[in-house]
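Biologist: Could you take me through one part of this model, the sheet, and how its strands are paired?

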Amino acid sequence: MKFAILGGSFNPIHMGHLFLADAALSSLGYDRVILVPAYTSPFKLDAQGASAKDRLDMLIASIPADSRLTIEDGEIRREGVSYTIDTIKDILERYRPEGKPGLILGDDLARDFHKWRSAAEIVSLTDIIIAHRLSAEDLPFPFPHKRLGNEIMELSSGKVRDRIRNGEAWSYLVPQGARLIIEDRLLYGLGEPVKSRDGISLELIAGIENAVHTMISPSRFLHSRNVALLAEDLCRRFGIDPPSGYLAGIAHDMCKSFSEEELIRLTKQDGQSVSKLEKKKPSLLHARSAAVLLRERFGIHNKDILEAVRLHTMADTEMGPLARAVFIADKIEVSREHVSPGLRDFRSFASLDALFAAVLDETVAYLRSRELSLSKGTLRLLEVIKGEAFEKNKG
């Protein structure tokens, strides 16, 4: 394997870092780039904003499924100020690369390379690679080296930190994994977190969403994301926890492509019997299966979220506000056909229950028009709603 080394504070990692690594891999024939986060950089002793653990976690979250990149945490484990020569010797001893490893330097650092500790020895042990950071011109460098020839990205960790502190757009200057950690941990002066009341982080929600994306078809995933977005909007409108709505929405159909055998196997774990309707049409079990999988694989134990996922196909009298919001979102999200225009304008409804009753009426009418059976839970719910409406009109 031919390695190149890219060190830095990564405070935070941003797209410019990954672009440099990719350029070295693409144009110079390296097999892998080793990203080396410093515990304390000798060049940035006053840099603040994130701990070494935060920066390492952001790096790990930013390179999933890319075997061309790896992370070396030796400098963080050693703590204190790190010097490049020590890191190079450690990497050479443990990684045993084919030939000299490359050492990627931005031209901003290359200007003072002669002042580095053991600069001559670094030159003897590595192939210096000069990347454009400040100038598109090839600035003078009096040591043997290669030129990366990359385009300049007007981006730095300092600029990202400044934009976060100033409330400016920054989210897509960093990889998604890093963004979620910054938001969850309120790094760099960020404002209030977007965690759910149950403490579920955006990082966990994104992990579940990425998993769901691999489990269902693209069209089904787009439906699920539309449901998640609308469920979040409904929750915000009616005073329910928005992240919980998004999570339940994104996960509600994740077992839709499972075989009947797998659906039955998973459903047995929820401790409830299988109804006659579910035996007749086992595909209906995808909702109960998704609730089981959400609990067992992803560690979600919030009862409201699990209920919302479990009951989204067959409404029931036990449905709480979150379950009703997800049921509504599933039935009227923007890609659904044959939805009455009035239902799409959910803000015109005075309460969640009023919207739920209207959506349920339309759903039941559609099912009956196709001579499809209703669950006992749905029938009981219809009786309750009709009874409540009768008492209200009577009063």
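Modeller: Happy to! Strands β1 (residues 3–8) and β2 (residues 32–37) run parallel and are joined by 6 bridges. Here, strands (E, at least two residues) and helices (H or I, at least four) are DSSP runs, numbered from the N terminus, and two strands pair if DSSP finds at least two bridges between them. Within this pairing, Leu-6 stands opposite Leu-35 of β2.

A word on the source: this is a predicted model, where local features need pLDDT of at least 70, side-chain atom pairs count only at pLDDT 80 or more, and totals for chains, interfaces and linings use all residues. Residues are numbered from 1 along each chain as its sequence is written, while side-chain values use heavy atoms, with hydrogens and water left out.

Now step back to the whole sheet. It is open and has 6 strands, in the order β3-β2-β1-β4-β5-β6, with parallel pairing. Its edge strands are β3 (69–71) and β6 (146–147), each of which pairs on one side only. In general, strands of a sheet pair through backbone hydrogen bonds, either parallel or antiparallel.

Helix α2 (residues 52–62) lies across β2 and β3 and runs at about 160° to β2. For that angle, axes are lines fitted to C-alpha atoms, for helices over the stretch in contact, and angles run from 0 to 180 degrees between N-to-C directions; contact means heavy atoms within 4.5 Å.
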